[in-house]
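This briefing sets out selected features of the structure shown below.

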Amino acid sequence: MGKQEDFVLRALEERDVRFVRLWFTDVLGFLKSVSVAPAELENAFDEGIGFDGSAIEGFARVYESDMLAHPDASTFQILPWRTGDDGWPATARMFCDIRMPDGSPSYADPRHVLKRTLSRAADRGFTFYTHPEIEFYLFKDMPGAGEEPQPVDRSGFFDHTAQSRGADFRREAITMLEAMGISVEFSHHEGGPGQQEIDLRYADALTTADNIMSFRTVIREVALGHGIWASFMPKPYTTHPGSGMHTHVSLFEGDRNAFFEAGAEYQLSRTGRQFIAGILRHASEISVVTNQFVNSYKRLLGGGEAPSGVCWGHNNRSAMVRVPMYKPNKGQSTRVELRTIDPACNPYLAFAVVLAAGMKGIEEGYELPREAEDDVWSLTERERRALGITPLPRSLSDAIGIAEDSELLAETLGEHVFDYFLRNKRAEWEEYRAQVSSFERDRMLPVL
């Protein structure tokens, strides 16, 4: 064991922690947890905790089901809603790396998929940083089947409302996040009724992915404590904006921002331009991962700050990739913003495919196409085609069809995750396709 493991074992004793939750995600990004007693943790650090991988979505077949969860001591935190101050025993959590019985990394572990992609970038001298702006809705309660959710308020973008439930909620959620070592940069009410946004401070991509999984849990815990329901569904309403997870990304070479070049157009280096070109060229291929559900494509139909075409622009929020305005003497802040990702994605897989696409652009020397200077949302299909703006996939079915032929996606995810993920998405689409919707009944029953 190392120093971090020793620190965790001391902290358990000093803080009287009685339960330790070991967290990891399935292939779709749903959080899994197993609780162990502190007395078992030293053995868990050395040998891992065994579990049946065939019972986890996308992990293993029955005949190769034995897997081990190895806690990552660097992710140790006391859960702020289980600190022990209320008389109940304190509870901590750690994220896990999943391994096979022989000690090799599990081919199905999304965290390993990201770590493997980060390692490839590191071999070229790059560190990948991300900064997500996470949107979500707050509802008065969990809606029943067929019911439209009722928002907790009718406020709009940046609205400040006296005795606002949203403001109280954000304050408590941010306090909990910071107690877990997750730094928050901004928070505000978004454009939809009951819609909130909380922006996490930039960090390396693995830390950010871990933080997003913790963020979802904290948001749901705080919501339940307030007697309300939180949802990261990309498009819960037909007429109100969807929820995105606009993500700012940058590459560093040591302490130097590889995207910054003084005197270049928009102060954006050749490396930065090639990275954007890689994302644009492979945008449709990786869409099935960054926007993985049927509902994700309702958000990408256009408008509501969601992109619908493959393009980039300087400070253009209608573009899929935006280069934010450069601030003098802030070269280290040079970055690009990817606006397609939604908060229902698996962040480990999403960051992995975004990095792989960008790195492909750098390695192959892709040329950046002409930037979009117009409001893309207001352009007709003919005008978009004339400007070379191709559409993003219009549905999950379209995204699956494109992804099936993607060498980049198969190489990044690995054969097992690639195969399982697409099989799961095909099944979701077929189930959705067979449903008879209220739209069809309302439209057709009165006249047919």
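Is cysteine 96 buried or exposed? Cysteine 96 has a relative accessibility of 1% and therefore counts as buried, the limit being under 20%. The model is predicted, and the points below are grouped by topic.

**Cysteines**
- Cysteine 311 is likewise classed as buried, at a relative accessible area of 5%.
- The count of disulfides is 0, where a disulfide would require a pair of cysteine sulfur atoms within 2.5 Å.

**Salt bridges**
- The model contains 18 salt bridges.
- One of them joins the side chains of aspartate 72 and arginine 111, with an N to O distance of 3.1 Å. This pair links distant parts of the chain, 39 residues apart: aspartate 72 is in the loop between strand E4 (66–71) and strand E5 (77–78), and arginine 111 is in helix H3 (residues 110–123).
- Aspartate 72 is buried at 16% relative accessibility, and arginine 111 is buried at 3%.
- Asp72 and Arg111 also belong to a network of salt bridges that includes Asp97, Lys115 and Asp210.
- Another salt bridge pairs glutamate 367 with arginine 270, their closest N and O atoms lying 3.4 Å apart. Because glutamate 367 is in the loop between helix H9 (347–364) and helix H10 (381–386) while arginine 270 is in helix H6, the pair ties together parts that are 97 residues apart in sequence.
- Glutamate 367 is exposed, with 54% relative accessibility, whereas arginine 270 is partly exposed, with a relative accessible area of 48%.
- Glutamate 404 and arginine 426 form a further salt bridge, with 2.8 Å between the closest N and O atoms. Glutamate 404 is in the loop between helix H11 (396–403) and helix H12 (407–413) and arginine 426 is in helix H13 (residues 415–433), so this pair ties together parts 22 residues apart in sequence.
- Both partners are partly exposed: glutamate 404 has a relative accessible area of 37%, and arginine 426 has one of 34%.

**Surface patches**
- A patch of negative charge on the surface is formed by Asp6, Glu42, Asp46 and Glu47.
- Helix H2 (residues 41–47) gives the most to this negative patch, contributing 3 residues.
- Glutamate 42 is located in helix H2 and is partly exposed, at 42% relative accessible area.
- Met142, Leu224 and Trp229 make a nonpolar surface patch of about 310 Å².
- Methionine 142 sits in the loop between strand E7 (127–139) and helix H4 (165–179), and its relative accessible area of 54% makes it exposed.

**Backbone geometry**
- Most residues other than glycine have a negative phi.
- Aspartate 16, by contrast, has a positive phi near 55°. Aspartate 16 lies in the loop between helix H1 (3–14) and strand E1 (17–25) and is exposed at 51% relative accessibility.
- Tyrosine 266 also has a positive phi, of about 60°, without being a glycine. Tyrosine 266 is placed in the loop between strand E13 (256–257) and helix H6 (270–281) and is partly exposed, with a relative accessible area of 23%.

**Arginine 273**
- Arginine 273 is in helix H6 and counts as partly exposed at 24% relative accessibility.
- The C-alpha atoms of arginine 273 and phenylalanine 136 are separated by 31 Å, and the two residues are 137 residues apart along the chain.

Definitions and conventions
Residues are numbered from 1 along each chain as its sequence is written. This is a predicted model: local features need pLDDT of at least 70, side-chain atom pairs count only at pLDDT 80 or more; totals for chains, interfaces and linings use all residues. Side-chain values use heavy atoms; hydrogens and water are left out. Patches are made of residues with over 30% relative accessible area and no salt bridge: like charges are joined within 9 Å, nonpolar side chains (Val, Leu, Ile, Met, Phe, Trp, Tyr) within 5 Å. Accessible areas come from the Shrake-Rupley method with a 1.4 Å probe; for residues, only the protein chains shown count as cover. A salt bridge is a side-chain nitrogen of Lys or Arg within 4 Å of a carboxyl oxygen of Asp or Glu. Lys and Arg count as positive and Asp and Glu as negative; His and the chain ends are not counted. The place of a charge is taken as NZ of Lys, CZ of Arg, CG of Asp or CD of Glu. Helices (H or I, at least four residues) and strands (E, at least two) are DSSP runs, numbered from the N terminus. Buried means under 20% relative accessible area, exposed over 50%, partly exposed in between (1.4 Å probe, protein chains only).
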